[in-house]
Amino acid sequence: MGGSIAVPDAGRSGRMLLLAPMLLFFGAFFLAPLLLLVVVSFTNDQEMTVLGTAQFEKFLSDRFNWRVLFETLLLGAKVVACTTLLAFPIAILFVQAGPKLRRLLLMLILLPLLTSVVVRTFAWIVILAREGVVNSVLLSMGIIGAPLQLLHTEMGLIIALMQIELPLMLLPLVSVLSRMDPNLIAASQALGAGSWRTLRRVILPLSLPGYAAGVLLVFASATAAFVSQSVIGGGRLIYMPVFVYQQATTLFNWPFAAAISVILVIAISMVAVGVNQLGRTARGNIHG
Amino acid sequence: MASFDFDRWSYRLVLGALGVMALTIMVAPVIIVLVVSFTADNAMRFPPSGFSWRWYEALLDTVQSSQIHRAALNTLQVGLWATAIGTALALLAGLALARRRGAGARSADTLFVTPLMLPQIAFALAALVFFSLIGFDAAKPAVIIGHIVVCVPLAYKTISASLSQLDPALLESSSSLGAGRFRTFRRITLPIILPGIAAGAFLLFMASKDNVAVSLFLSDARTNMLPIRMWQMMEGTLDVRVAAVSGLLIFATLVLMLAMERTVRISDRLR
């Protein structure tokens, strides 16, 4: 197989010609801006003329900033944990389902995924508001005497993000499980393992690589979920993305905003590397 | 045998109940939005006191809702441009990198999906700083470029996946039968990967129409985009027209999704 797939004997120059537009586009409009962002984060003044590490010193010397960073990563972790609780029952339902039900389940996963995040955030306002779904159900059942404050609380935000990010966890999970050999379940049961034992010893271990991918996607998306964080979290809960936005557009402090972004990217990358490592270990345990 | 039955039934009962509960939590919010969009009330309340089309009528009113209409038009225009350019770029790059295993090809491949993992706000700020420092102040083209960067990975992944399933023997026999490169591409490669291209273009468009972070940083007052406009309507007094916009978006998404499922089996291409 000498050439590219499109043109069997296109050779090296033909391939480069096909690759060039995307490569140039990414170089000019992805790599160059990101490089510039890093440079700007290392300038000391708002006019971006003096190079230095003042912005990072400013961020790291204030306990408030550390708190925002910590709360953001913690939010991601909590959302991952809650999403896990919902994702596995659906994924296991998917494993046991026939082809028709599988297709229906996939469509049910896709619909919220393709529905705008803004629409899904709006749905949670309707659910969590003072006269919303939860309060009206609890009031009519007499469980509470007065409406609960659910919007603009961390708990409300986590519940909303749990549903908003769920499809991102489900897709890789379901994808790994649908490639699983169904004979494995039959073999496990023929060898005398019950359903619960089969779940614990066969299905769950095999789902781990997909789960690791889902954890990454949900974590990255929940920590960056700008609209949900500001609308459902409200003004008192500040997370890194809103912090960047305030510094950049209301205070016009680009160097500081750039430094916050760089720190956020580094923090998320460190978590990603850690999760990847765990995922690889899990895969090694299955095959090794 | 009694204990075996207990195992099986407890398993089915517990997992069935949990699964149905999880599915309900996943889908219910979408249905609740649809219900509320038909409210007869002046404010958002659940359950609504009556059924009416009034908020859809208010939404379609060209005077009262002109800003929303302009935002929707901008979103559609940006989405179509981003989809056209992004799909073309992704297709060419996918063709160039298909079945390449070298270090260069692998790093290009990684580069093209990196925007998916990067917090969009970081890229949005970077693009804002970049465009203002080079003096590029046309908001709409800037938004289109930004949308291409953050949405093109979806199209690239989908198109690459369909190319990797193409049997190389087909291409070899085509060329050994005397067909030239472009003839082989047009008659063999393109028809086989066309559903993958359509699915990729669809995902790119859907991501562009929902984008918030990039639009927020790169658009100006004249190029206000629909998700941003909806966000502004939610932050203020909670205009009930948001429910009507959401209702229309959900309906459009459902129709498009079912159409894509019928034609290109979109649900098989997202894994």
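What pattern does chain B follow, read along the sequence? Chain B runs α-α-α-α-α-α-α-α-α-α-α, with 11 helices and zero strands. Its radius of gyration is 24 Å, well over the 18 Å that the globule rule gives for 271 residues, so chain B is more spread out than a compact globule. Here the radius of gyration is taken over C-alpha atoms, and the globule rule is 2.2 Å times the number of residues to the power 0.38. Helices are DSSP runs of H or I with at least four residues, strands are runs of E with at least two, and both are numbered from the N terminus.

A word on how to read the model. It is predicted, so local features need pLDDT of at least 70 and side-chain atom pairs count only at pLDDT 80 or more, while totals for chains, interfaces and linings use all residues. Residues are numbered from 1 along each chain as its sequence is written, and chains are lettered from A and ligands numbered from 1 in the order in which they are written.

**The two chains**

Chain A is helical too, with 12 helices and zero strands. Its radius of gyration is 24 Å, whereas a compact globule of 288 residues would have one near 19 Å. The table sets out some values for each chain; a residue is buried if 20 or more other C-beta atoms lie within 10 Å of its own, exposed if 12 or fewer, and partly exposed in between, with C-beta atoms placed from the backbone.

| Chain | C-alpha box along the principal axes | Buried residues |
|---|---|---|
| Chain A | roughly 75 × 70 × 35 Å | 45% of 288 residues |
| Chain B | roughly 80 × 70 × 35 Å | 46% of 271 residues |

Two residues are in contact if their C-beta atoms, placed from the backbone, lie within 7 Å. In chain B, 74% of the contacts between residues at least 6 apart in sequence join residues at least 24 apart. For chain A, residues 24 or more positions apart account for 71% of the contacts with a separation of 6 or more.

How confident is the predictor in chain A? The average pLDDT of chain A is 88, and 94% of the residues score at least 70; pLDDT is the predictor's confidence in each residue, from 0 to 100. Over residues 1–9 of chain A, pLDDT stays under 50, and the model has 34 contacts beyond four places in sequence for this stretch.

**Where the chains meet**

The contact between the chains takes 79 residues from chain B and 79 residues from chain A. On the side of chain B that touches chain A, helix α1 (residues 2–37) of chain B gives the largest share, 17 residues. That side of chain B divides into 61 nonpolar, eight polar and 10 charged residues. In this grouping Ala, Val, Leu, Ile, Met, Phe, Trp, Tyr, Cys and Pro count as nonpolar, Asp, Glu, Lys and Arg as charged, and the others, Gly among them, as polar.

**Core and domains**

An automatic or database domain assignment supplies the domain bounds, and it divides chain B into domain 1 (1–27) and domain 2 (66–268). The C-alpha centres of these two domains of chain B lie 39 Å apart.

Which residues touch the most other members of the largest nonpolar core? Among its 172 residues, they are A:Val126, B:Ala124 and B:Leu125. This core draws at least three residues from each of domain 1 (1–27) and domain 2 (66–268) of chain B. A nonpolar core is a set of buried Ala, Val, Leu, Ile, Met, Phe, Trp, Tyr and Cys residues joined through C-beta atoms within 7 Å. Leaving aside residues up to four places away in sequence, B:Ala124 touches B:Gly146, B:Ala213, B:Val214, B:Leu216, B:Phe217 and B:Leu218.

B:Asp210 sits in helix α8 (residues 181–210) of chain B. Is B:Asp210 buried or exposed? B:Asp210 is buried, because 24 other C-beta atoms lie within 10 Å. Not counting residues up to four places away in sequence, B:Asp210 touches A:Ser116, A:Val117 and B:Pro227.

B:Arg45 belongs to the loop between α1 and α2 (54–60) of chain B and is partly exposed, with 18 other C-beta atoms within 10 Å. B:Arg45 and B:Val240 are 195 residues apart along the chain, yet their C-alpha atoms are separated by 9.9 Å.

B:Gln232 lies in helix α10 (residues 226–235) of chain B and counts as partly exposed, with 14 C-beta neighbours inside 10 Å.
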